[in-house]
Amino acid sequence: NCALSVGLKSTWLPSYGPEMRGGTAYASVVMSTEVIGTPVVDSPNTLIAMNAPSLDAFEDSVVPGGLIIVNSSLVERKVKRTDVKVYYVPGTKLANDVGLTATAAVIILAVFAQLTGIIKTDTLRNVLPLSIKNPKYIDVNMKAIAAGETYLKENPAE
């Protein structure tokens with residue numbers, strides 16, 4: 001929704017098979033100014049690894065010069081590659097600090113937005129409430145966006 005709200009075309013292709021029971025559930029997201037021919041992503045520009053199995057499974061698929069954002073609360077190891085940009089965010093810890101573990105992805109999405117400039121955090125603030133079915137979770141998600149912004153300000157990318 002964020003990509004669409006800023007005039008980009010987008011697709012997403014989730015994988016929720018047996019992975020839901022502890023493996024590497026994932027979604028491929030494509031955002032572009034051009035027509036998107038397929039939602040399949042073989043070589044992403046960015047990987048957001050929320051857990052160690054996801055980093056293990058997809059680290060090698062990121063294009064050289066791409067970006068890997070790691071939820072360092074749940075992933076103890078460092079990225080092995082030296083030909084990508086890497087940014088570590090303790091997303092789960094920060095989410096617990098704002099009051100809802102489930103907002104870890106929102107925190108990391110806010111960091112992604114700032115690192116890439118593809119979307120703005122103000123866009124997240126405007127669009128995210130439209131995606132939240134229970135209004136009682138809107139405030140904590142807004143706090144999660146702010147936590148992602150603050151974390152990046154206090155821990156700038158190299």
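**View 1. Overall course of the protein chain.** Read along the sequence, the elements of the protein chain follow one another as α-β-β-β-α-β-β-α-α-α-α, which comes to six helices and five strands, where helices (H or I, at least four residues) and strands (E, at least two) are DSSP runs numbered from the N terminus. The model is predicted, so that local features need pLDDT of at least 70 and side-chain atom pairs count only at pLDDT 80 or more, while totals for chains, interfaces and linings use all residues. Residues are numbered from 1 along each chain as its sequence is written, and side-chain values use heavy atoms, with hydrogens and water left out. Of the 158 residues of the protein chain, 38% count as buried, a term that means under 20% relative accessible area, with exposed being over 50% and partly exposed in between (1.4 Å probe, protein chains only). Among contacts in the protein chain with a separation of 6 or more, 38% are accounted for by residues 24 or more positions apart, contact meaning heavy atoms within 4.5 Å.

**View 2. Helix α4 and the residue that follows.** Helix α4, formed by residues 104-116, has 13 residues and reaches 18 Å from its first C-alpha to its last, close to the 18 Å expected at 1.5 Å a residue, the expected span being 1.5 Å times one less than the number of residues. The buried residues of α4 include Ala104, Val106, Ile107, Ile108, Ala110, Val111, Phe112 and Ala113. After α4 comes Gly117, with a positive phi near 75°.

**View 3. The crossing of α3 and α4.** The axes of α3 (residues 91-98) and α4 come within 8 Å and cross at roughly 115°, which makes α3 roughly perpendicular to α4. Axes here are lines fitted to C-alpha atoms, for helices over the stretch in contact, with angles running from 0 to 180 degrees between N-to-C directions; angles under 35 degrees count as roughly parallel, over 145 as roughly antiparallel, 65 to 115 as roughly perpendicular and the rest as oblique. On the α3 side Gly91, Thr92, Leu94 and Ala95 meet Ala104, Ile107 and Ile108 of α4.

**View 4. Surroundings of Ala95.** Ala95 lies in helix α3 and counts as buried because its relative accessibility is 0%. Leaving aside residues up to four places away in sequence, Ala95 touches Leu100, Thr101, Thr103, Ala104 and Ile107. Between Ala95 and Ile108 the separation is 13 residues in sequence and 9.7 Å in space, taken C-alpha to C-alpha.
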